[in-house]
Amino acid sequence: MKIIGKPLNRVDAKEKVTGKAKYTGDLVSPHALFAKVMHSTIANGLVKSFDLEEAWKVPGVIDIVTCFDVPDIQYPTAGHPWSTEKKHQDIADRKLLNTRVRFYGDDIAAVIAEDEITAHEAVSKIKVTYEEYEPILSVEAALAPTASTIHEEKPDNIVVQSSYEVGSFEEARQEKGLIKIEGHYETPIVQHCHLEKATSFAYMEEGKIVVVSATQIPHIVRRVCAQALGVSYGDIRIIKPYIGGGFGNRQDALTEPLNAYLTLRVGGRQVRLEYTREETFACTRVRHAMKFHIVSYVRKDGTFAARSILAYSNQGAYASHAHALVANAVNGFRMMYPVGAIKGEAYTVYTNLPTAGAMRAYGIPQIGFALEAHIDDIVRETGFDPIVFRKKNMMKLGFVDPITTIECHSTGLSECIDVGEKYLNYREKRAQYANQTGPIRKGVGMAIFCYKTGVYPISLETSACRMILNQDGSLQLQMGATEIGQGADTVFAMMAAETIGLSMDKIHVISKQDTDVTPYDTGAYASRQTYVSGMAVKKTAQVFRKKLLDYAGFMLNKDPWDLDIKDNYIVHTNKDKHLLSVATVAEESCYSLSNSRHISAEESHHCSDNTYSFGVCFAEIEIDIPMCQIKVLDIINVHDSGRIINHQTAEGQVQGGMSMGLGYGLYEHLDFDQKTGRMLNDNLLDYKLMTPMDTPDLHVAFVETDDPTGPYGNKSLGEPPTIPVAPAIRNAMLNATGIAVNSIPLNPEKLFYAIRDAGLFK
Amino acid sequence: MASRTVTCTINGSKKEYVIDVRSSLSDMLRGKGGLDSVKHGCDVGECGACTVLIDGQPFNSCIYLAVWAEGKTILTLEGLSDKKGTISDIQQAFIDEGAVQCGFCTPGFIMASIPIITKEEPASRDEIRKQVAGNLCRCTGYDKIINAIEKTQHKRIEEKMAK
């Protein structure tokens with residue numbers, strides 16, 4: 001292949017290094033009104049009344065809307081493809097503004113004003129009377145028999161419960177000579193922290209409500225806005241310009257439905273609704289905290305006889321993506337090591353905390369930590385080699401998951417492990433570091449993962465693409481799939497250029513999505529776009545190419561089947577001599593007086609397959625025992641994501657994911673006041689985001705397989721790099737100190753208690 | 001609301017703006033100057049997305065009052081390209097090294113790197129990290145950003161030595 005596989009520069013890089021790339025906040029009219037949401041200052045209760053008198057007196061206030069004014073419609077926010085089957089539809093459990101308050105920060109009123117300062121001032125003057133209930137701030141409290149009900153539709157606070165069993169766990173664990181190992185593992189609430197805050201603006205044009213928003217999923221947000229307002233899909237138009245990161249937070253309708261409603265309230269005038277960083281932390285979405293109890297029965301030959309998992313997921317106040325995440329987690333538990341009898345049970349539970357939604361790798365970083373920590377607990381107790389044990393039990397080529405039916409079409413995991421092992425000299429160092437004394441110790445750790453590509457067969461996978469020829473032989477490439485920083489536009493352009501036979505400069509990607517114009521696609525999530533949307537590009541490019549060749553055949557009076565396109569020229573199949581330039585064909589096809597044809601193509605792809613990508617993280621750390629601090633000395637992620645379309649952007653994705661994984665393992669967690677439920681560290685100083693100084697050099701390697709189901713042999717890549725990092729660090733600490741810490745982050749506070757309990761303070 | 005006139009040099013041109021005295025410099029640069037490269041990621045000096053140079057030094061323009069800009073020389077990302085739109089070496093390095101993803105932190109990072117790449121002495125990777133520690137990026141893991149700054153600095157030093 002000429003273009004695919006090359007480390008090409010991003011198609012949007014120049015726009016972004018010159019400041020010309022337009023984000024939502026750069027497009028808003030200077031005359032827009034400003035909306036400010038009033039958030040509840042209690043976590044659990046009921047709004048009884050408002051006193052708006054002082055707020056109305058603030059000069060410049062245009063409108064004040066409260067939870068008593070909005071349509072009596074409960075709507076779902078999750079960025080899932082809509083299911084036409086009622087039982088599979090997302091849970092509709094919130095209104096535009098809520099009378100029943102379910103977390104500290106719930107949306108209860110909004111002010112529209114001439115400017116931002118006025119809106120802030122008016123909100124500060126609204127007085128609220130609440131009926132207050134005891135905040136329920138943990139899964140345990142929510143499940144207590146005496147717990148009050150957060151949503152009346154779910155009296156026991158359980159959003160969803162699910163279970164599965166492959167083989168008979170009870171029978172399998174009766175086998176003679178098994179070693180039982182069990183552990184409890186816990187992951188924290190963290191946040192996406194995309195640099196651009198939650199933001200949108202809305203106005204009315206030609207009878208439609210237009211919402212310009214920093215979203216990953218414009219077509220889904222259109223559906224959610226329509227549902228929330230009780231209008232038709234066609235009455236809503238969503239425009240998505242460049243966005244400042246997403247990581248799953250924007251795989252949800254956030255400010256858009258209320259923003260759409262607010263412009264209606266003021267006759268279609270432009271209204272801007274931009275959250276502050278603090279609101280973006282507390283009032284958008286967070287990652288689900290999860291708790292796992294894992295029990296394993298291992299044979300003396302190092303294979304699993306039986307395993308079980310019990311998982312609890314903290315949903316927070318509203319369902320959002322709900323049970324899909326912990327279901328993914330317990331499924332991941334099964335798929336990674338599909339050996340012996342396996343049973344899983346999972347609960348998603350409402351609490352009075354901020355709403356948890358999608359975040360990079362969708363439940364798998366949670367189970368990845370628990371499972372890979374557990375594997376190292378097993379090898380420590382049994383003395384098995386950590387690599388041999390993993391290789392013996394891990395998923396192999398041809399595996400078909402008995403529940404989801406997803407097949408392993410390709411795997412380079414074994415080679416990934418070998419590459420990482422060799423890079424770090426893991427086995428030798430692990431032995432060398434096993435019995436250290438003294439205050440400063442070193443350790444090495446590893447963790448593997450598997451990850452699906454897209455959401456089939458759980459949900460719909462569909463995508464469309466459009467190509468329109470220009471008179472100079474270049475084309476516009478239009479996707480419903482979204483560029484959110486991951487480099488989607490660049491790989492789509494590469495796919496188009498490769499398949500048609502054009503050079504990259506002939507492909508003009510229209511980066512902005514507009515639901516009135518753009519072909520349909522569900523958007524950026526599940527690491528699906530290069531796989532699912534990429535196939536739509538390939539199909540469209542093939543049709544487009546055929547149309548070009550047909551016209552060239554007409555011009556040359558030759559059979560189009562004997563023609564090919566190479567480097568922007570029409571040639572004889574298998575020959576290089578230029579017969580015509582594509583530019584000449586394009587010009588003639590447009591302006592021909594005898595045979596004018598406007599060449600374009602549009603195809604959709606309904607994907608009905610899935611495939612696993614794989615990878616491993618190896619890390620070497622140094623732990624300062626008196627200071628309770630871990631320093632990462634060396635780290636590598638090795639990935640099998642099938643064929644790599646663009647090595648430059650792929651490496652960037654892996655490094656960004658590794659950094660997020662390091663934050664997850666070492667620093668990040670959201671804290672809440674245990675009396676009120678208020679988020680305590682809702683800003684970028686108190687929330688410990690990875691800075692340049694915290695991040696070591698990040699090493700990346702790929703083992704390329706050629707997946708038969710991917711459009712160009714490719715598999716998921718965007719999310720997976722985050723998964724294996726935290727458990728690799730945890731396992732490195734186990735190697736360094738013998739201390740198994742079963743919850744993250746491994747920050748000094750956590751390490752202090754762990755080291756103290758282990759008696760290592762001298 | 002009190003207004004005041006602020007006179008300063010922005011990207012080489014003398015500018016005079018009537019501003020609300022409560023405005024931040026970032027508000028003035030975006031709102032009056034149309035310089036949209038100046039991004040707001042936190043509004044309180046935590047993220048560095050609004051970094052501009054004031055008399056050659058990087059500042060978070062979101063917590064720098066517009067009235068303080070009186071008489072100052074300000075450089076934003078828009079001022080790095082020449083009049084014909086040719087981009088500077090550091091911008092090209094960000095492209096070539098793959099240091100850009102979502103692009104929202106990019107303007108601030110490039111501006112924060114200017115004092116490093118204009119130094120005569122080469123900085124180590126750790127020193128570069130320290131210099132840009134006030135700028136946050138969630139996409140890249142910083143690796144390629146540090147590469148872009150390091151390579152540009154080395155290139156400039158080599159070019160100077162060749163002369």
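These questions and answers concern a predicted model.

Trainee: Which domains is chain A divided into?
Mentor: Two of the domains of chain A are written as two segments each, 27-133 + 198-274 for domain 1 and 289-456 + 609-757 for domain 2. The remaining one is domain 3, so the division of chain A reads domain 1, domain 2 and domain 3 (462-606).

Trainee: Which elements give two or more residues to the side of domain 1 of chain A that touches domain 3 of chain A?
Mentor: The C-alpha centres of these two domains lie 39 Å apart. In the contact, 19 residues of domain 1 of chain A meet 16 residues of domain 3 of chain A. On the domain 1 side, the elements that give two or more residues are helix 7 (218-229) and strand 11 (236-240) of chain A.

Trainee: Which helix supplies the largest share of the side of chain B that touches chain A?
Mentor: Here 41 residues of chain B are in contact with 46 residues of chain A. Helices 2, 3, 4 and 5 of chain B each supply at least two residues of that side. The largest share is four residues, and these come from helix 2 of chain B.

Trainee: Why do the buried residues of helix 13 of chain A lie on the same side?
Mentor: In helix 13 of chain A, the buried residues are A:Leu413, A:Cys416, A:Ile417, A:Gly420, A:Glu421 and A:Leu424. They lie on the same side of helix 13 of chain A because the arc they cover around the axis is only 130 degrees.

Trainee: Which residue follows helix 13 of chain A?
Mentor: Helix 13 of chain A spans residues 413-424. The residue that comes after helix 13 has a positive phi, near 55 degrees, and is A:Asn425.

Terms used:
Residues numbered from 1 in each chain as written. Chains lettered and ligands numbered in written order. Predicted model: local features only at pLDDT ≥ 70, side-chain atom pairs only at ≥ 80, totals over all residues. Contact = placed C-beta atoms within 7 Å. Expected span 1.5 Å × (residues − 1). Buried ≥ 20, exposed ≤ 12 C-beta atoms within 10 Å, placed from the backbone. Arc of directions from axis to C-beta.
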